[in-house]
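Reader: I am new to this structure. Please show me how to read it, one feature at a time.

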2 protein chains.
Amino acid sequence: MTSLHELEASAGAFSVSRRGTRMPSSPIRKLAPLADAAKARGTKVYHLNIGQPDIETPACMLDRLGQMVSKVIEYSPSTGTPEFLRSMQRYYERRLGLTIPQNQILATTGGSEAILFAFMACADEGDEVIVVEPFYANYEAFATMAGLKVVPVTSRGRDGFHMPPRHVWEQKLTSKTRCVIICNPGNPTGTVFRREELQMVAGFCRDHNLFLISDEVYREFVYDGQKATSVLELDDVDQFAIMVDSLSKRYSACGIRLGAFVTRNSEIYNVALRMAQGRLSPPGIAQFMAVGAESLGDEYTRGVVEEYQRRRDVMYEGLTSIPGVFLRKPEGAFYCMAKLPVESAEDFAIYLLSEFEDRGETVMVAPGEGFYSSPLGRDEIRIAYVLKEPDLRRSVELLRLALERYRSR
Amino acid sequence: MTSLHELEASAGAFSVSRRGTRMPSSPIRKLAPLADAAKARGTKVYHLNIGQPDIETPACMLDRLGQMVSKVIEYSPSTGTPEFLRSMQRYYERRLGLTIPQNQILATTGGSEAILFAFMACADEGDEVIVVEPFYANYEAFATMAGLKVVPVTSRGRDGFHMPPRHVWEQKLTSKTRCVIICNPGNPTGTVFRREELQMVAGFCRDHNLFLISDEVYREFVYDGQKATSVLELDDVDQFAIMVDSLSKRYSACGIRLGAFVTRNSEIYNVALRMAQGRLSPPGIAQFMAVGAESLGDEYTRGVVEEYQRRRDVMYEGLTSIPGVFLRKPEGAFYCMAKLPVESAEDFAIYLLSEFEDRGETVMVAPGEGFYSSPLGRDEIRIAYVLKEPDLRRSVELLRLALERYRSR
């Protein structure tokens with residue numbers, strides 16, 4: 001029997017699960033209370049910490065809201081509506097040149113749900129997922145929910161965060177490794193993996209019976225005339241490739257929560273389908289809105305990409321002109337990881353929100369550490385360059401001033 | 001090292017997770033291919049198998065779609081928008097007479113996500129959740145995803161599926177029991193638990209440090225002038241009560257995928273919040289639509305409830321007039337479990353779709369077995385009485401005819 005003393009000494013009579021205790025906080029939201037306090041003091045905060053684009057959602061999607069005629073907003077099929085799946089098929093045909101049957105595409109509640117389904121379908125409690133770090137911090141959240149251990153393969157800023165060679169991957173392999181997740185183009189790095197890199201990691205997965213989860217939600221955002229390669233375009237990956245997609249960034253419609261889980265492995269598809277049936281449906285109005293967006297062709301994408309490329313250039317040129325700041329030119333997505341001439345980027349990020357201001361303005365960045373599983377990234381920050389050009393220029397200027405003042409304290 | 005032979009003999013080079021293998025299929029969708037085949041033969045199928053109401057979504061919600069002015073569909077806060085949370089607060093004030101602070105309400109992607117969050121926050125892989133069976137089949141799906149074992153406490157049709165006495169619950173307790181989930185009013189039973197039953201189970205949870213998850217998505221649907229009691233209305237449950245809510249049924253808006261996770265235990269709330277941050281946002285347009293629906297008062301609810309009560313009466317009177325069919329009068333929700341004079345209700349359900357027809361029509365029901373964890377319910381079916389009265393009458397007539405023919409084969 002447990003004594004009263006022991007009970008009192010325990011974590012509390014009604015204690016949360018161990019997995020609950022391990023659930024990480026979001027590194028991009030960590031400093032939110034400080035930002036709120038700064039705003040309450042009247043300081044304007046430029047948000048470089050979060051990837052919420054300011055680009056308008058395409059009119060054809062917004063117009064669909066006025067076209068809804070159904071009087072009952074019913075459950076959609078668990079797989080997604082046939083119309084939405086057809087829309088995704090058309091998009092993949094146009095964009096990737098691939099014919100993907102409807103029974104290989106599962107509509108999900110954002111890319112988020114697709115990642116959770118993938119982790120749960122590929123691996124069990126205590127299994128391991130290899131992740132290229134720095135990585136999208138919420139992978140850690142989904143891994144924790146699914147009971148997986150994140151095993152990092154480190155990419156380096158000096159290499160533009162491209163993949164380390166295969167022997168590094170081999171060193172991370174254990175009897176518990178079940179899958180690999182990559183983000184391409186990369187959040188938080190802005191790195192676009194080359195076809196040879198993808199082939200290397202696919203070979204690693206093929207040779208060791210690992211599933212390869214490829215998060216491609218930033219597919220359209222690649223600069224300097226390059227294109228991202230989808231894992232689905234690689235040869236001989238049908239049995240282990242899972243592609244995670246989302247409409248959030250592609251159509252600047254983050255709030256609709258609509259994505260997709262795509263795989264040619266019917267066993268994995270069927271497991272994800274049963275999870276999808278458990279939660280009944282993906283969002284219905286979102287699916288209705290999305291139908292037709294696939295006909296937004298290259299000219300739509302080109303306009304958005306040109307806008308982001310200009311912002312990328314402003315950010316890159318601005319940051320690299322600050323003494324001691326290092327980053328390679330980001331190739332895609334709308335993020336970069338920048339190395340700062342400070343010991344603790346988190347301390348500097350806190351300084352930005354709590355002490356610094358210039359003409360009533362400051363800037364918010366995400367400390368880099370939270371994007372690593374290894375104890376790395378202490379002197380790095382992640383920047384989302386989703387603001388308009390003048391705001392980005394001003395943000396860079398604020399960073400320059402703040403670094404000067406911070407270092408001369 | 002593994003030999004080639006061993007590799008070939010294994011479950012397949014790229015095998016899905018054990019949890020994936022265990023993921024249950026939905027019992028309400030199990031016979032869907034047979035229904036499709038029947039329709040392809042030109043047979044009209046009345047769907048008593050699925051709880052998709054035909055009641056119109058309130059105009060005030062549909063009208064909101066035309067009022068969206070934002071040009072960018074942005075992420076909402078992970079907790080839900082302040083406007084939506086305020087709307088839920090107003091609803092709880094009016095409906096339950098409870099003032100619930102915003103930091104005790106988390107907007108979720110349907111009730112489904114709230115249940116998954118609750119399981120994951122309360123328990124770990126290998127832990128046990130006690131469920132009153134027959135139960136909403138997807139609890140098994142969420143439990144499998146969360147790694148929990150479902151331990152059934154059996155309720156009986158002869159008792160109107162009311163709760164068994166406390167000593168039955170005590171027998172189910174093990175060192176791994178972490179939580180209890182109840183559905184009130186009940187899917188698939190239509191049972192409305194009385195306050196004393198709720199107090200009994202709350203006492204059981206309190207005495208054994210178990211979380212009590214109360215799925216109240218059918219709250220409004222209670223007949224004969226009764227009202228459902230929310231777990232939040234009980235005394236002394238703040239530390240262990242978690243209420244799962246949803247707008248799907250309340251406003252006949254299943255497709256919007258919007259619900260809530262409500263608890264006064266701040267530790268549990270914070271764990272669920274971190275999971276919510278991981279998936280970024282609940283559906284945004286849904287939240288926008290939902291604001292204002294809380295002002296639909298008792299007169300709206302009364303109209304819908306009267307309609308369902310008539311349907312309940314048609315269904316109950318029709319079914320009990322069939323020789324050998326047994327059920328007690330359902331008290332709420334829009335389901336009932338009926339005992340049929342057959343050995344295998346699944347075989348009968350298959351017969352309905354594959355052999356039987358009357359004047360080109362048949363009916364689809366969900367076999368009862370799938371709603372039990374114990375080997376029970378073989379001679380039961382679940383019926384959702386969401387069709388219009390004439391269709392319900394015809395469905396009952398078809399069931400009567402089919403039972404006659406099936407039994408005289």
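Reader: Let me begin with two helices. Which residues in α6(A) meet which residues in α10(A)?

Author: Keep in mind that this is a predicted model. From α6(A) come A:Phe117, A:Met120 and A:Ala121. They meet A:Ile268, A:Val271, A:Ala272 and A:Met275 of α10(A). Now sort them by class. The contact of α6(A) with α10(A) has 7 nonpolar residues, no polar and no charged.

Reader: At what angle do α6 and α10 of chain A pack, and how far apart are their axes?

Author: Helix α6 covers residues 110-122 of chain A, and helix α10 covers residues 266-278. The angle is about 120 degrees, and the axes are 9 Å apart. Angles over 145 degrees count as roughly antiparallel, and 65 to 115 as roughly perpendicular.

Reader: Is the crossing of α6(A) and α10(A) left-handed or right-handed?

Author: α6(A) passes α10(A) in a right-handed crossing.

Reader: How does α6(A) pack with α7(A), and at what angle?

Author: Helix α7 of chain A spans residues 138-146. α6(A) and α7(A) pack at about 45 degrees, with their axes 9 Å apart. That makes α6(A) oblique to α7(A). The crossing of α6(A) past α7(A) is right-handed.

Reader: Which residues meet in the contact of α6(A) with α7(A)?

Author: On α6(A), look for A:Ser112, A:Ile115, A:Leu116, A:Phe119 and A:Met120. On α7(A), look for A:Asn138, A:Tyr139, A:Phe142, A:Ala143, A:Met145 and A:Ala146. This contact divides into 9 nonpolar, 2 polar and no charged residues.

Reader: Now the whole chain. Into which domains is chain A divided?

Author: Domain 1 takes 23-51 + 299-407, and domain 2 takes 60-295. Their centres, taken over C-alpha atoms, are separated by 26 Å. In chain A, 32 residues of domain 1 are in contact with 30 residues of domain 2.

Reader: Which elements give two or more residues to the side of domain 1 that touches domain 2 in chain A?

Author: They are α12 (298-320) and β9 (335-339) of chain A. The largest share of that side, 5 residues, comes from α12(A). By class, that side of domain 1 has 17 nonpolar, 10 polar and 5 charged residues.

Reader: There are two chains. How is chain A related to chain B?

Author: In general, two copies of a chain are related by a rotation about an axis and a shift along it. Here, chain A can be laid on chain B by a turn of 180 degrees and a shift of 0.0 Å along the axis, with an RMSD of 0.0 Å. The two copies are thus related as by a two-fold rotation axis. The same surface serves both: 100% of the contact residues of chain A recur in chain B.

Reader: How many residues does the contact take from each chain?

Author: It takes 65 residues from chain A and 65 residues from chain B. On the side of chain A, the elements that give two or more residues are α2 (18-22), α6, α7, α10 and α11 (284-290). α10(A) gives the most, with 7 residues. That side of chain A has 29 nonpolar, 22 polar and 14 charged residues.

Technical notes: Residues are numbered from 1 along each chain as its sequence is written. Chains are lettered from A and ligands numbered from 1 in the order in which they are written. This is a predicted model: local features need pLDDT of at least 70, side-chain atom pairs count only at pLDDT 80 or more; totals for chains, interfaces and linings use all residues. Copies are superposed by least squares on the C-alpha atoms of residues with pLDDT of at least 70 in both. Two residues are in contact if their C-beta atoms, placed from the backbone, lie within 7 Å. Domain bounds come from an automatic or database domain assignment. Helices (H or I, at least four residues) and strands (E, at least two) are DSSP runs, numbered from the N terminus. Ala, Val, Leu, Ile, Met, Phe, Trp, Tyr, Cys and Pro count as nonpolar, Asp, Glu, Lys and Arg as charged, and the others, Gly among them, as polar. Axes are lines fitted to C-alpha atoms, for helices over the stretch in contact, and angles run from 0 to 180 degrees between N-to-C directions. A crossing is left-handed if the near helix is turned anticlockwise from the far one by less than a right angle, and right-handed if clockwise. Angles under 35 degrees count as roughly parallel, over 145 as roughly antiparallel, 65 to 115 as roughly perpendicular and the rest as oblique.
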